[in-house]
Amino acid sequence: MTGHQHHDGHDGHEHGHDHGHGLRDSIRHVVVPHTHDAADSVDDALEASTQGIRALKISLVVLLATTVLQGLIVAFSGSVALLADTIHNFSDAMTAVPLWVAFVLGRRAATRRYTYGFHRAEDLAGLFIVFVVALSAVLAAWQSIDRLLHPRPLENLGWVIAAGVVGFAGNEVVAVYRTRVGRRIGSAALVADGVHARTDGFTSLAVVIGGVGALLGFPLADPIVGLLISVMIVVLLVGTVRAVGRRLMDGIEPELVERADHALHHVEDVLEVEQLRLRWVGHRLRGDAVVRVAAGDLVAANAVAAAAEASVRDHLRNLDEFSVRTLAAVA
């Protein structure tokens, strides 16, 4: 961490991100936002948890309302295929429940068995969401291949298209809301749940495109678009697996480490940062650092350590715990 150099504009927390330039990276950049936004992060742990739970509640209501609307369309159309899609959307909406439980568990106080608390439940919920997204890709691909091998006419095309539009709109609204809140509070699992809603929206969009294709005399549009949607879901899944897996492996975004390093070097009498560690626990940050200081006595060194900790907290608002250990300057 030596050789740190201050740059103009760094205090504004502006950090570049390498999004890649390939097709897969371009698609991921559009549909899978970063899991953090430090400039707009929530500094209070309870408030962050409250915002996460509120996002899950509101999005669950929106998805259930979408399911009810689709159910009404099913009642008017009598389409068995639409009934199956409505049941699928309802089951997907309920995946918000495990994440909701994880946020509630994260509020519980630490125990003698779980001395760090229960924040990891959020990351486990993220794993469950990854599984559901993967299952969605497999089911979408299987249904599309089955329709290619065994073509069958679509019935009630007008109702099918209407249901698809409703499903896409509801899921997209939820996807945008969940990912936005997930970024703000630093929750990879909530962002993953937003990606899950977006994949469901893509599936509904495939229904719309397939229905329009059938109206135009191209019935194979439905399974072909379904296969393309399956590929897009896999692209989304790769990014989601990386984000959730990185959290479980205590991975951290390099720009957050850079920001903490910058904060430490801003403290007077800090000569060098010997060690700096950060990790996510749920949607909150924890870490520690070892710094070499110019202070000559213990009282002064402790004062530098306290100032260094406060500086890092100012730069990383969603930081829960951070400790600083000092080393005397080498003569």
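Q: Which elements do the buried residues of α10 pack against?
A: They pack against α9 (254-265), β1 (270-281), β2 (284-293) and β3 (319-328). Helices (H or I, at least four residues) and strands (E, at least two) are DSSP runs, numbered from the N terminus. This is a predicted model, in which local features need pLDDT of at least 70 and side-chain atom pairs count only at pLDDT 80 or more, while totals for chains, interfaces and linings use all residues. Residues are numbered from 1 along each chain as its sequence is written, and side-chain values use heavy atoms, with hydrogens and water left out.

Q: Which residues of α10 are buried?
A: A301, V304, A305, A308, S311, V312 and H315 are. Buried means under 20% relative accessible area, exposed over 50%, and partly exposed in between (1.4 Å probe, protein chains only).

Q: What makes the length of α10 close to the expected one?
A: Helix α10 (residues 298-315) has 18 residues and reaches 26 Å from its first C-alpha to its last, against 26 Å expected. The expected span is 1.5 Å times one less than the number of residues. For α7, with 28 residues, the reach is 41 Å, close to the expected 40 Å.

Q: Why are α7 and α8 called roughly antiparallel?
A: Helix α7 (residues 188-215) and helix α8 (residues 221-248) pack at about 175°, with axes 9 Å apart. Axes are lines fitted to C-alpha atoms, for helices over the stretch in contact, and angles run from 0 to 180 degrees between N-to-C directions. Angles under 35 degrees count as roughly parallel, over 145 as roughly antiparallel, 65 to 115 as roughly perpendicular and the rest as oblique. The pair therefore counts as roughly antiparallel.

Q: How many nonpolar, polar and charged residues has the contact of α7 with α8?
A: There are 14 nonpolar, six polar and two charged residues. Ala, Val, Leu, Ile, Met, Phe, Trp, Tyr, Cys and Pro count as nonpolar, Asp, Glu, Lys and Arg as charged, and the others, Gly among them, as polar.

Q: What makes α7 mostly covered?
A: Of its 28 residues, 22 are buried. Just after α7, G217 takes a positive phi of about 90°.

Q: Why does E309 count as partly exposed?
A: Its relative accessibility is 25%, so E309 falls in the partly exposed class. E309 is in helix α10 and touches F322 and V324, residues up to four places away in sequence not being counted. Contact means heavy atoms within 4.5 Å.

Q: How do you know that D123 is buried?
A: D123 has a relative accessible area of 3%, and is therefore buried. D123 lies in helix α5 (residues 120-149). Its contacts, leaving aside neighbours within four places in sequence, are V244, R247, L248 and G282.
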